Amino acid sequence: MPKKELLVADPYDEEQLKMLTEFELENDLGSSLTSSLREISSHHSKEEYNQILRSRNEIEQHLLLCDNDKIIDYCSLNAYKDIKSCYLIFPTSKKVSQSKKLISLATQYAVGLGMLEIFVTANVYDRALHEVLELDGYENLGDENGLTSFVKSFEKEGVLDGTNKKY
């Protein structure tokens, strides 16, 4: 792997799953993501899984930031094709996050999927992540229940109706 690249977690890639297990152990994250990916591969063939991804309105993926064959950060992406909105969820890690690079790459990836709005929530105390989001053009929507919400929109002109068509 080249230096610092974004990969979509593949439940059928054993090498990637090993790297993810190492990352989860190093950062006290448990093994929930690795377990979830292994469950997918045990219930569906790769072809079935790819067909499910293509046919569903909801996209649920995990984006891995890798540096020289090692996962250094990740986030989850939950996207909705019909409303062209998605949510990026960053795990709470004991190490300093590589979130600046990951946020930029994950945002580009979401836009490539056709998303017009990207939402991120962060712990109110995670000022470093807040700063990175704001520097990347995300708008702070305020705090609620210990979380700060952010949004980045890519369609500013016109009003969208329920089918995302301008009128």
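**Entry 1: the fold.** I'm working from a predicted model. Going along the sequence, I read off β-α-α-α-β-β-β-α-β-α-β-β. That pattern holds five helices and seven strands.

**Entry 2: whole chain.** I looked up burial next: of the 167 residues, 35% are buried. Then contacts. Taking those with a separation of 6 or more, I find that 58% join residues 24 or more positions apart. The exposed surface comes to about 9700 Å², and carbon and sulfur atoms supply 50% of it.

**Entry 3: helix α4.** I picked out α4, which covers residues 99–112 and so has 14 residues. From first C-alpha to last it reaches 19 Å, close to the 20 Å expected at 1.5 Å a residue. Which of its residues are buried? I noted Ser99, Leu102, Ile103, Leu105, Ala106, Thr107 and Ala110. After the helix I come to glycine 114, with a positive phi near 95°.

**Entry 4: the second largest pocket.** I put its volume down as about 260 Å³. The lining has 20 residues, and Pro11, Ile40, Tyr49, Leu53 and Glu60 are the ones nearest the pocket's centre. Which elements each supply at least two residues of this lining? I got α2 (32–43), α3 (46–55) and β2 (58–66). Sorted by class, the lining of this pocket splits into ten nonpolar, five polar and five charged residues.

Terms used:
Residues are numbered from 1 along each chain as its sequence is written. This is a predicted model: local features need pLDDT of at least 70, side-chain atom pairs count only at pLDDT 80 or more; totals for chains, interfaces and linings use all residues. Side-chain values use heavy atoms; hydrogens and water are left out. On a 1 Å grid over the protein atoms alone, a cavity is a set of points where a 1.4 Å probe fits but cannot get out, and a pocket is an open set with protein on both sides within 12 Å along at least five of seven lines; lining residues have an atom within 4 Å of a point. Grid points are joined across faces, edges and corners, and a volume is the space filled by probe spheres set on the points. Helices (H or I, at least four residues) and strands (E, at least two) are DSSP runs, numbered from the N terminus. Ala, Val, Leu, Ile, Met, Phe, Trp, Tyr, Cys and Pro count as nonpolar, Asp, Glu, Lys and Arg as charged, and the others, Gly among them, as polar. Buried means under 20% relative accessible area, exposed over 50%, partly exposed in between (1.4 Å probe, protein chains only). Contact means heavy atoms within 4.5 Å. Accessible areas come from the Shrake-Rupley method with a 1.4 Å probe; for residues, only the protein chains shown count as cover. The expected span of a helix is 1.5 Å times one less than its number of residues.
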